[in-house]
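Hi,

Here is the structure I promised to pass on to you. Have a look at it first, and then read my notes on its charged side chains below.

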Amino acid sequence: MKKHSGMTIIELLIAMAIIAILASIAYPSLQSYVLKTHRGDAQAEMIKAQLRQTALHILNPIYSDDKNALGLQNNSYYNFTVISASTTTYLMKAEAIGQQRNDVGCTSLTINHNNELTPKDCW
């Protein structure tokens, strides 16, 4: 009698089903990780802009409202804006765009002159 060393179609289907189940479990986790990573990049950019605000304020009596001077450049995931800037305060914002809007509850990040970060759960 001959022994076959190959896989039968049933074994192949079972292997494919197992792979599909594992992928369906892993994909949402991957998506969540990607959203958090992009959010972390936006937070880092805003903190760098905050440091630039402080440096510029040492030289000038007013905080800057020029996002380019602060190094804030829009990307594929966030639009950055300086909401307000005066002699004593500033407020900067990162607004999620595109697929990043799926980062529920964390689509709008703000930072101000007192290092108040909102929403707190997203920082």
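D103 is buried, with a relative accessible area of 6%; here buried means under 20% relative accessible area, exposed means over 50%, and partly exposed is in between (1.4 Å probe, protein chains only). Before going on, please note that this is a predicted model, in which local features need pLDDT of at least 70 and side-chain atom pairs count only at pLDDT 80 or more, while totals for chains, interfaces and linings use all residues. Residues are numbered from 1 along each chain as its sequence is written, and side-chain values use heavy atoms, with hydrogens and water left out.

Which residue does D103 pair with? Its salt-bridge partner is R39, with the closest N and O atoms 2.7 Å apart. (A salt bridge is a side-chain nitrogen of Lys or Arg within 4 Å of a carboxyl oxygen of Asp or Glu.) R39 is also buried, at 11% relative accessibility. R39 lies in helix α1 (residues 9–59) and D103 in the loop between β2 (90–96) and β3 (108–112), so the pair ties together parts that are 64 residues apart in sequence. Helices (H or I, at least four residues) and strands (E, at least two) are DSSP runs, numbered from the N terminus.

How many salt bridges does a search of the whole structure find? There are three. Another one joins E45 and K48, at 2.9 Å from N to O. Both lie in helix α1, three residues apart, which is about one turn of the helix. E45 is partly exposed at 25% relative accessibility, and K48 is partly exposed at 37%.

K93 and E95 also form a salt bridge, their closest N and O atoms being 3.3 Å apart. K93 is partly exposed at 25% relative accessibility, as is E95 at 30%.

Happy exploring!
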